[in-house]
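Let's take a walk through this structure together. Have a look at the picture first, then read on.

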Amino acid sequence: MEQKNSAQQAPLSVKALELLAEKNRKRLVEVVYNAKAGHIGGDLSCLNVMTALYFHVMNNIDATNPKAADRDRFVLSKGHCVEALYVTLEAKGFLKPEVLDTLGKFGSILSGHPTIEVPGIEVNSGALGHGLPIGVGMAIAAKMDKKSWRTYVMMGDGEQGEGSIYEAAMAGSKYALDNLVAIIDRNHLQISGNTEDVMPIDSIRERWSAFGWDVISVNGDSMADIVSAFDAIDYSNGKPHLVVSDTTKGRGVSFMEGIAKWHHGVLNEEQCKDAVKEIEERIAALSAK
């Protein structure tokens, strides 16, 4: 994938984001296939939002200066979907293709969860329920230092059974962290099946509103909806923000969509070819517009 200097790039348009997300989706399928491991279903469901965050929403994300003091911070709490983060970081210039190609190989710096050895990753994460507490701490630090940078945390919907999330939710409200945005990738499926069968969470809006959060619902399968929702966030309203991103597990690969077994699934050669062909057709159609 072509590497570009990401310093101070203007936010991408919806059309450009749609095309980039499809290119990232193709790369993701190839990476997971070559590594023979990965949580591809959740990778695909959160990839649109992740692409929008890094190429439209977050500020001062610069591969040439990954520790810039005024950068926005991103924490992937659902760390098992790190492959989606890796391909996004590659597209942003943090990872070279030859490094990403080492995923699943002995001696690689790339693990099955985010680690700080990888350029562009803020914290080791993936123990579910930890990301939001860390994000709250980051947001408090920015407030204490009177800094304008923001913190974004992506969680899974199955992860909502972790009690530490709700302790963090209370703290976020208490400290009026309007510089904090949490995202729930609401794909309705976790490793054990449908979330509503395992641990019902359909009361997300009411629950988080009661904690004092500004709750926004968005169609996470639509880039236009994602961009509109994030552009409308009021970062001065004294409330932390929750974006409930309603998505499809396995989004963009038809034989994976809405199928629980693809929570953690490895494609065979024929499946990889079929998935890549499907995505390439969309890339061609978007490129022709």
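Before we start, one term: when we say that two residues are in contact, or that they meet, we mean that they have heavy atoms within 4.5 Å. Keep in mind, too, that this is a predicted model.

Now find two helices, α2 (residues 40–57) and α9 (residues 223–231). Their axes come within 10 Å and cross at roughly 50°. Angles from 65 to 115 degrees would count as roughly perpendicular and those under 35 as roughly parallel, so α2 is oblique to α9. The crossing of α2 and α9 is also right-handed.

Which residues of α2 and α9 meet? On the α2 side they are N48, V49, T51, A52, L53, H56 and V57. Their counterparts in α9 are M223, I226, V227, F230 and D231. Sort the residues of this contact by type and you get eight nonpolar, three polar and one charged.

Next, let's turn to the strands. Five of them make up an open sheet, and its order is β1-β2-β3-β7-β6, with parallel pairing. At the edges sit β1 (73–76) and β6 (214–219), each of which pairs on one side only. Going from one strand to the next, the twist averages 20°.

Strand β6 runs parallel to β7 (residues 241–246), and six bridges join the two.

Technical notes. Residues numbered from 1 in each chain as written. Predicted model: local features only at pLDDT ≥ 70, side-chain atom pairs only at ≥ 80, totals over all residues. Heavy atoms only, no water. Pairing = 2+ DSSP bridges. Helix = DSSP H or I, 4+ residues; strand = E, 2+ residues; numbered from the N terminus. Axes fitted to C-alpha atoms, helices over the stretch in contact; angles between N-to-C directions. Parallel < 35°, antiparallel > 145°, perpendicular 65-115°, else oblique. Left-handed = near helix turned anticlockwise from the far one by under 90°. Nonpolar A, V, L, I, M, F, W, Y, C, P; charged D, E, K, R; others polar.
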